[in-house]
Amino acid sequence: MRSDLQRVAAHPSRPGHDSGELMVRGTDLVYLTEELYLRLFILTLSLTAIGAVLSVCFGVLGSRGSVPVTVGIAALALGIAGAGLRRPRRAYIWLRRSPLRQVSPAAFGAIAVLCNGPDSPSWWVALPLLWVIAAVSSTGLSVMAALVTAAAYLAGTALGGEVLVRHGDAEILAAAVALPANILIGRLIAEVFARFTLRLHQLQRRPPSPARPIRVTVASSTRVAPNPPTPTPTHPITRARRGLMGLTARELEVLLLVSDGLIQAEIAPALGISTRQVERLLASARARTNSATTSQLVAKLVSEQVVP
Amino acid sequence: MASVEATRFDAGGIDVAAAAITALGEDALQLGFGLMAIAAASDTAFALADGGGPLAAVEGAVMTGVALSGLFWPTTAARLLRPRGAALILAALFAAAGALDWGVQSHFAEVAPAIVWIAVIVSSPPWLVACVAVSGLGYMGDLLLKGHSLAWTVTPRGRELIGNQWIDLIANAGVVWVLVTLLRRFIAGIPSNLADARRGGPAITRALSAAVSTEPVALAPGAQPATRVASLTEAEHRVLRLLRAGLLPKQAAIELDVALPTVRSHIAAAKRKTGARTLEQLVGIYAQATDAI
């Protein structure tokens with residue numbers, strides 16, 4: 001598994017910026033990351049469609065919820081997912097534009113589980129809708145949306161006259177806990193793969209050749225000191241894991257565009273977010289890296305080879 | 001065009017795409033073990049709270065231990081799981097836990113999707129099917145052994161569909177397989193995707209499309225950072241050193257005992273010489289050049 005990477009890393013003819021490297025600047029990585037998010041978004045929309053079908057199956061086969069309400073909610077979810085899948089780029093950008101839009105799928109999911117009786121089968125619609133939020137929004141907002149949906153699910157169950165734990169059976173509580181847990185997992189997956197994409201350029205690079213250790217030899221000695229073992233070249237991915245400075249994928253995206261000379265008014269439309277969100281991401285990135293200014297932060301990223 | 005782009009993605013005879021997919025596998029495997037660790041730890045807590053006894057504690061400890069080992073030593077885990085069917089060992093471990101767990105259903109239900117995740121990364125589709133089947137048997141092992149129905153059970157809340165746990169397992173395997181396939185295809189398609197974007201093809205936003213299709217400053221002939229920074233004057237160097245250290249232009253003016261407009265004029269001159277559009281880009285180019293020296 002590692003040999004390919006080491007061959008890439010150790011190859012002597014490393015291409016430079018002018019000799020055909022594919023990812024030559026931050027904008028390239030941002031573009032690829034956004035394309036990745038778009039694909040994850042399409043996947044979550046497909047899961048919403050599947051969830052809608054499953055909710056009908058469980059609503060009809062099981063004895064939970066009202067079948068007509070379940071079918072109505074599922075049809076609406078299928079329509080939303082279908083519209084999104086028809087024009088995924090437009091839908092993705094529409095949702096990214098503001099936090100209010102980002103949480104709108106959760107609002108639909110929460111209303112669905114609240115109105116569809118105890119232990120609602122519409123849980124199967126609410127869960128993938130929360131994944132949609134995980135693909136377009138931040139971790140904080142996604143978890144908040146999931147907690148609201150979980151509360152709505154429990155409230156719907158309580159309003160339907162069902163006790164949350166009966167004879168030690170905590171299935172309903174477990175289903176409520178599963179909502180934020182699944183969303184955290186969804187965010188984790190999106191973050192891991194976005195960060196992976198944001199350091200793809202490091203596979204193109206040869207790691208800097210290690211400095212020769214200084215050897216002190218005594219003139220009277222006739223024995224030659226044995227050569228110290230040559231340090232193994234740093235594994236590019238391992239180096240990358242250390243080199244992202246604890247920044248989130250969204251913060252890195254903004255910083256990569258800043259390092260390419262884009263101003264905030266250009267970054268916001270490029271990422272489909274507001275300038276206020278850009279400012280907030282830059283401020284949190286500076287705080288995370290103990291940088292006084294954005295210029296200092298960009299210089300640090302360059303030194304750590306986070307920027308291509 | 002495709003072959004030309006493929007060559008561009010080929011860094012000195014080594015296929016970067018293949019290396020990236022390999023690296024992706026390692027990251028994805030680590031993620032799978034991370035999910036398994038979380039699932040095993042939480043399931044153990046639930047099992048003990050549910051009166052699972054010492055057996056559940058031992059099973060939980062073994063599964064959590066396996067998961068944490070994979071999380072902290074992903075390369076070793078990848079090597080151990082490389083032989084075809086090795087993931088079956090994990091699936092069998094889970095199956096044994098399920099079968100030994102004398103409840104109505106296995107306490108360790110949440111571990112199954114994580115094991116399936118790992119199986120997707122390290123196995124081919126036939127082995128994946130085998131893993132799902134073995135995991136599923138363990139999942140329902142106690143029901144089979146006690147002669148329960150595999151489809152329905154009666155709980156205090158009424159009739160429950162046990163079969164939905166089978167559907168969960170198969171659905172999880174399907175979702176993870178689709179996710180991993182999607183990522184692999186995404187990486188393999190990077191050269192053509194990026195080439196399309198450079199030609200002004202589809203991007204998420206028009207602004208991003210315009211930014212990608214603009215010729216990067218660093219690609220201009222003779223415009224390497226070191227070359228561009230070499231033409232800076234000593235005064236400009238002094239200003240840029242302070243800005244790189246985190247000072248604002250105003251603070252740099254006080255530090256150098258000069259007027260703010262003087263610092264601004266140095267910055268403007270440095271921008272002109274390096275081709276930088278903004279102060280941040282200028283400091284980035286300066287850092288790149290000085291690090292390279």
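**Helix crossing and domain contact**

Analyst: Start with two helices: α11(A) and α12(A) cross in a right-handed way. Keep in mind that this is a predicted model.

User: Which residues of α11(A) and α12(A) make the contact?
Analyst: From α11(A), they are Glu253(A), Val254(A), Leu257(A) and Val258(A). From α12(A), they are Ile267(A), Ala270(A) and Leu271(A).

User: What classes does that contact have?
Analyst: The α11(A) contact with α12(A) has 6 nonpolar residues, 1 charged and no polar.

User: At what angle do the axes cross?
Analyst: Roughly 135 degrees, and the axes come within 10 Å. Helix α11 of chain A covers residues 249-259, and helix α12 of chain A covers 264-271.

User: Why are they called oblique?
Analyst: Angles over 145 degrees count as roughly antiparallel, and 65 to 115 as roughly perpendicular. The angle here is roughly 135 degrees, so α11(A) and α12(A) are oblique to each other.

User: New topic. How is chain A divided?
Analyst: Into domain 1, residues 26-198, and domain 2, residues 235-308. How many residues does each give to the contact? Domain 1 of chain A gives 14, and domain 2 of chain A gives 15.

User: Which helices supply at least two residues on the domain 1 side?
Analyst: In chain A, α2 (26-61), α4 (88-96) and α9 (171-198) each do. The largest share, 5 residues, comes from α2(A).

User: And the classes on that side?
Analyst: The side of domain 1 that touches domain 2 has 5 nonpolar, 5 polar and 4 charged residues.

User: How far apart are the domain centres?
Analyst: The C-alpha centres of the two domains of chain A lie 29 Å apart.

Notes. Residues numbered from 1 in each chain as written. Chains lettered and ligands numbered in written order. Predicted model: local features only at pLDDT ≥ 70, side-chain atom pairs only at ≥ 80, totals over all residues. Domains from an automatic or database assignment. Contact = placed C-beta atoms within 7 Å. Helix = DSSP H or I, 4+ residues; strand = E, 2+ residues; numbered from the N terminus. Nonpolar A, V, L, I, M, F, W, Y, C, P; charged D, E, K, R; others polar. Axes fitted to C-alpha atoms, helices over the stretch in contact; angles between N-to-C directions. Parallel < 35°, antiparallel > 145°, perpendicular 65-115°, else oblique. Left-handed = near helix turned anticlockwise from the far one by under 90°.
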